[in-house]
Amino acid sequence: MIRAIGKTCMRAMLAALLADCSGWQSALDAHGPSAVSLKQLIIVIVVVCSLVWMLVMTTMIVALLRRREVRPATPSPHRMTVAVTGAVVATVLIIGTFTVISFLATHALGVAGQDDLTIRVRGLQWWWGFEYIGPNPSDRFETANEIHIPVGRNVRLKLEGLDVIHSFWVPSLAGKQDLVPGRSNELTIRADNPGVYRGQCAEFCGMQHAHMALLVIAQSQDDFDRWSNAQRQAARQPAEEELAAGLQTFLAKPCAGCHTIRGTAATGKTGPDLTHVGSRRTIAAGLFETTRGSLAAWIADPQTIKPGNNMPMVPLTPDELRTVSAYLASLK
Amino acid sequence: MSRPATTPGTRDIELQRTGLTSALAETWKTPSGLWGALATVDHKIIGRRYILTAFVFLALGGVLAALMRIQLALPEARLIGPDRYNQIFTMHGANMMFLFAVPVMEAVAVYFVPLMVGTRNIAFPRLNAFSYWIYLAGGAMLWIAFALDMGPDVGWFAYVPLSGPQYGAGKRADIWAQMITFTEISALAVAVELVVTIFKQRAPGMTLNRIPVFVWAILVTSFLVIMAMPAIVVASTSLILDRLVGTHFYNPAEGGDVLLWQHLFWFFGHPEVYIIFLPAAGMVSTLIEPFARRPAFGYLALVMALIATGILAFGLWVHHMFVAGLPRLGDSFFTASSMAIAMPAGIQVFCWLATLWDGTPDFKTPLLFIIGFIVTFVIGGLTGVMVASVPFDTQVHDTYFVVAHFHYVLIGGAVFPLLGAIHYWFPKLTGRMMSERLGQWSFWLIFAGFNATFFPMHILGLQGMPRRIYTYQPDLPWHGLNLFVSLSAIVLAAGFLLFFINAIRSARSGEVATDNPWNAPTLEWATTSPPPSYNFAMIPVVGGLQPLWENRDALSVADGLRTDRRELLVTTLAEAEPQAREASPQHSIWPLWAAIATTIMLIWSIFSPWAVVWGAIPVAITLIGWFWPKGTPEDES
Amino acid sequence: MKRMTGVLLGLATALAGCQREERQLRLDPPIADALDRIALMPNGISGAPPDVYFALGKPYEVNAYNLSQGKRLYSWFGCKACHGDGQGGIGPSFLDGWWYYGPEMVSIFASIRDGRPHGMPAYRDKMTTDQIWQLAGYVQAIGSYEGKTAAPSRNDEKQTRPAENRAPAKLLFDEGPIPVHADQGPTP
């Protein structure tokens with residue numbers, strides 16, 4: 001049994017080690033200029049430091065195991081002093097070099113210009129609110145937990161902490177930046193390849209810090225325009241009976257008190273915007289893939305799935321649950 | 001006051017050896033029984049108690065770590081819920097940092113510094129007793145709160161606004177903040193005693209350049225404690241005020257600042273890790289001499305490196321805040337200073353390597369721990385250089401990479417030397433040797449288990465795993481490594497268990513030790529194992545850095561101290577020339593009463609601000625009792 | 001004997017601490033359902049909470065987590081629009097010592113759940129039972145004369161009155177020369 005466990009985890013670890021250069025929330029799987037230059041810096045520093053460590057270890061092993069002739073009464077200090085001084089000088093040079101290349105890399109983490117795509121990021125316990133800001137007020141729209149960005153363009157994120165400190169981190173695209181209440185921080189990200197990149201809150205923010213993920217989906221400019229136009233639209237009126245019943249339930253029950261679905265009477269502001277929840281890949285900040293079943297499971301018992309989060313367990317009959325989840329899944 | 005054993009005014013030179021030792025034993029003894037245990041001011045008894053208590057907290061913290069690793073072994077595990085897990089990791093961090101790491105270093109110093117400088121007791125012995133009781137009270141309060149589901153759950157660093165009045169419901173964060181007050185009072189008290197002991201109570205002839213490196217390390221550490229602790233006392237007090245009374249220190253809407261907390265906390269928090277590391281570096285410099293069988297290379301460099309580390313430690317704190325949104329230019333300054341502190345650490349490593357190179361290694365357990373220390377601490381120091389870089393840090397801050405880094409420097413850099421030092425000093429502490437076989441086994445288990453547990457965390461961090469999460473999703477590629485880490489933690493735990501077994505068994509039935517079983521050079525080995533209550537029958541006089549190697553047969557001594565009352569020798573700061581005979585306090589129950597009164601006041605103040613007013617009255621009464629003049633005449637000569 | 005009393009006393013205080021700090025994250029649906037079945041007096045003032053309320057140990061009055069959740073709900077559901085920070089506005093004040101329907105938890109729960117004449121809306125369909133109880137506990141805490149240990153402290157926002165744990169009702173209650181409510185009896 002122990003051997004089996006050992007084999008499994010050896011295999012898993014090997015797989016993890018070999019796969020460590022890919023992975024969809026990995027600093028080593030860089031897809032944007034920020035992340036790429038950070039990855040290069042990481043590799044350079046890690047390689048140099050590994051060499052230093054090996055040198056120190058070799059010295060130590062030789063020091064411990066070397067054969068010594070009959071030793072003189074007093075050790076020879078002069079040669080040793082030269083060696084130690086040499087080591088100190090080498091350390092100074094290495095550290096100086098690291099400081100300089102770090103400083104230069106810091107410059108690369110620049111901030112985007114005024115006319116780039118701007119998204120206001122609101123960090124709340126324990127989800128992400130996003131507001132796309134355009135030049136016209138009618139271009140604005142809100143979404144939650146998932147953003148789409150056009151490939152190859154700088155995206156300026158204005159980070160606002162609304163309750164406690166959170167941290168926006170999508171390692172494949174850029175380093176992290178905190179959302180601090182009372183401060184306005186900014187972060188620039190840019191994706192050079194289309195794809196789906198996962199991020200996660202990286203500052204302990206309370207009970208469900210572990211489940212505060214987000215997705216950044218980089219698309220071609222055309223796809224992005226299509227997506228944002230669709231997002232700007234209000235929710236489509238439900239034609240089918242089941243979906244209409246679902247909307248009625250949504251409005252009659254506490255759902256509308258916290259959530260907004262544009263185009264309906266639901267204008268609650270304290271929970272995530274659900275106007276196009278069906279179009280998002282995950283729900284509950286990266287917890288489940290969006291399907292009708294997972295929506296139903298989430299609505300039925302959010303406190304077992306994500307204990308401590310601010311969505312209460314609303315008692316619904318099976319019919320109500322069925323229709324509401326169908327309706328929400330249809331909000332694409 | 002007990003009847004003196006000899007006629008009043010008897011000096012030690014007037015008695016023969018057996019008469020001398022029995023007279024001194026009578027004068028310096030601690031009464032037996034519960035009263036003696038509660039009222040003792042003997043630094044050795046208090047120091048041993050301190051070490052034991054700190055190791056109990058280490059074991060408790062280790063249990064918490066084991067729980068965390070079990071929970072994280074599998075994705076979306078349901079063993080421990082988020083609320084309990086948040087309390088566990090907060091307790092693990094706070095316990096290890098405040099109740100184990102700093103106190104154990106101070107405890108070893110409390111026991112050994114007076115012996116290494118050749119004096120009879122630590123300075124301010126009653127304050128020493130008080131500091132132990134306060135430490136015990138603070139630790140007990142924290143753990144009892146945890147047992148009652150009231151343990152703090154805001155991280156060991158308790159960032160506002162999460163720990164603030166709006167988002168930190170209940171009294172959990174207040175327990176944390178007040179535990180800080182307890183442990184900081186205790187640490188400050190010990191730091192003050194150590195500084196005075198080292199400056200003014202050294203044996204005659206122990207000039208500044210003959211002070212053992214460990215004692216220098218403790219001196220620098222004590223200054224760090226004195227200058228860094230006030231920052232966190234300010235921070236935790238203002239947090240309690242915000243939560244209890246409604247002040248606005250950290251409320252941006254009313255002019256406060258969320259980042260103020262981080263600045264205050266880390267201004268303490270960074271020197272804190274050097275408070276933990278520097279004594280360990282001093283221990284390495286001490287242990288390396290008998291086990292390389294030669295004096296440490298580069299005394300001046302080692303001492304200067306310690307001092308430089310201490311000074312530089314105050315200029316690094318913003319490296320914990322690189323992603324908080326501070327101006328980049330300022331951040332880069334802290335990159336430079338954080339990298340610069342690798343310099344003195346590197347100098348020390350080179351000096352130790354030089355010592356090993358020219359020495360004849362004796363591969364006993366303490367040396368194994370030193371070797372383990374060099375291997376792991378260098379890794380930790382190098383990853384420290386990595387996270388010191390702002391851009392590097394933007395990817396690894398608050399990930400398992402940082403968890404790996406600080407465990408490498410704290411366990412590798414502080415716990416390994418500590419374990420080696422415990423093996424080394426065990427005969428002096430208990431009069432018995434630890435088992436060499438168990439020692440070697442425990443070393444290898446700990447070394448292998450530690451590296452297998454924490455090295456993969458570097459990879460996990462780079463793969464995107466954040467810190468302080470109670471679980472993770474199955475679609476992330478972390479479960480293999482997490483399972484491996486959790487299984488390796490079993491090996492690490494086994495190693496520590498073996499260490500504890502070794503210590504407990506050896507204390508009872510280990511091989512009886514001679515005065516100087518390791519043939520070590522420093523003064524604590526010039527007396528019996530364990531030392532008598534008066535430490536040295538006559539105060540030694542020191543002529544070099546390795547007194548017991550320079551004078552293999554007999555040490556010169558200074559005479560003239562009285563035997564009928566507790567006296568120790570005060571010497572000048574730089575040249576250690578005898579200056580005065582100082583009376584040292586008898587055992588006293590007042591430190592315990594003062595600690596109880598202070599504990600009541602501090603715990604009450606979690607619940608009501610009036611506690612500071614009304615609770616001050618019993619504190620004042622006990623302090624008056626403590627300081628009431630005893631009427632003993634001071635000898636002026 | 002003395003030692004036993006001491007130990008028991010210690011345990012009692014400790015367990016009292018337990019009750020204050022416990023975090024009930026999920027109310028079982030049957031219990032939530034039972035908590036909805038209050039027995040209200042015919043005039044809508046006071047009554048009896050369901051038995052399960054006492055079986056749980058009156059969690060919404062002495063539990064710090066519930067009270068802080070109630071405080072969150074107070075701002076999330078727009079109570080400030082009419083009641084201000086508790087000092088009233090369009091709606092009545094909670095801090096003037098006068099409770100139209102009595103200060104008992106049941107009455108406050110009923111007010112929030114079913115609404116009251118002259119403009120208090122019913123929140124039965126906007127909040128769950130657990131949330132309404134939490135909010136009721138908080139509203140009662142605003143007007144409480146003793147600063148309970150479990151009462152929440154200030155929020156991270158602009159301050160207009162002392163926080164609930166400092167018993168603002170006691171600090172702010174000042175009837176003045178003319179009673180606020182003509183039909184109000186002698187000062188409590």
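Which backbone oxygen lies 2.8 Å from a polar atom of the side chain of His276(A)? Keep that in mind while you get your bearings: what you have open is a predicted model.

**Stop 1: His276(A)**

Select His276(A) in the loop between helix 6 (255–258) and strand 11 (282–283) of chain A. Now show Gln233(A) too: its backbone oxygen is the one you were looking for, 2.8 Å from a polar atom of the histidine side chain. Is His276(A) buried or exposed? With a relative accessible area of 4%, His276(A) counts as buried, because the cut-off for buried is under 20%.

Beyond its neighbours within four places in sequence, His276(A) is in contact with Ala230(A), Gln231(A), Gln233(A), Ala234(A), Arg262(A), Leu331(A) and Lys332(A).

**Stop 2: helix 4 and the sheet of chain A**

Select residues 221–232 of chain A, and you have helix 4. This helix lies across strand 1 (117–124), strand 2 and strand 3 of chain A, and runs at about 100° to strand 3.

Now colour the sheet. In chain A you'll find an open sheet of 5 strands in the order 3-2-1-5-8, with mixed pairing. Its edges are strand 3 (141–144) and strand 8 (185–189), each of which pairs on one side only. On average, and ignoring direction, neighbouring strands of this sheet are turned by 25° against each other.

Zoom in on strand 2 (residues 127–133) and strand 3 of chain A: the two run antiparallel and are joined by 4 bridges. For a handy landmark, pick Gly129(A), which stands opposite Ala144(A) in strand 3.

**Stop 3: where chain A meets chain B**

Zoom out and show both chains. Their contact takes in 85 residues from chain A and 86 residues from chain B. Together the chains bury about 7,200 Å² between them, with 71% of that on carbon and sulfur atoms. On the chain B side, highlight Phe350(B), Trp357(B) and Gln395(B): these lose the most area to chain A, together 11% of what that side buries.

How many salt bridges are there between chain B and chain A? The count is 2. To see a salt bridge, select Arg468(B) and Glu203(A), whose side chains meet at 4.0 Å, N to O. Across the interface there are also 22 residue pairs in polar contact.

Technical notes: Residues are numbered from 1 along each chain as its sequence is written. Chains are lettered from A and ligands numbered from 1 in the order in which they are written. This is a predicted model: local features need pLDDT of at least 70, side-chain atom pairs count only at pLDDT 80 or more; totals for chains, interfaces and linings use all residues. Side-chain values use heavy atoms; hydrogens and water are left out. Two strands pair if DSSP finds at least two bridges between them. Axes are lines fitted to C-alpha atoms, for helices over the stretch in contact, and angles run from 0 to 180 degrees between N-to-C directions. Contact means heavy atoms within 4.5 Å. Buried means under 20% relative accessible area, exposed over 50%, partly exposed in between (1.4 Å probe, protein chains only). A polar contact is a pair of N or O atoms within 3.5 Å; within protein, one must be able to donate a hydrogen and the other to accept it, and residues adjacent in sequence count only if both atoms are side-chain atoms. Buried area is the accessible area (1.4 Å probe) that two parts lose on being put together, summed over both.
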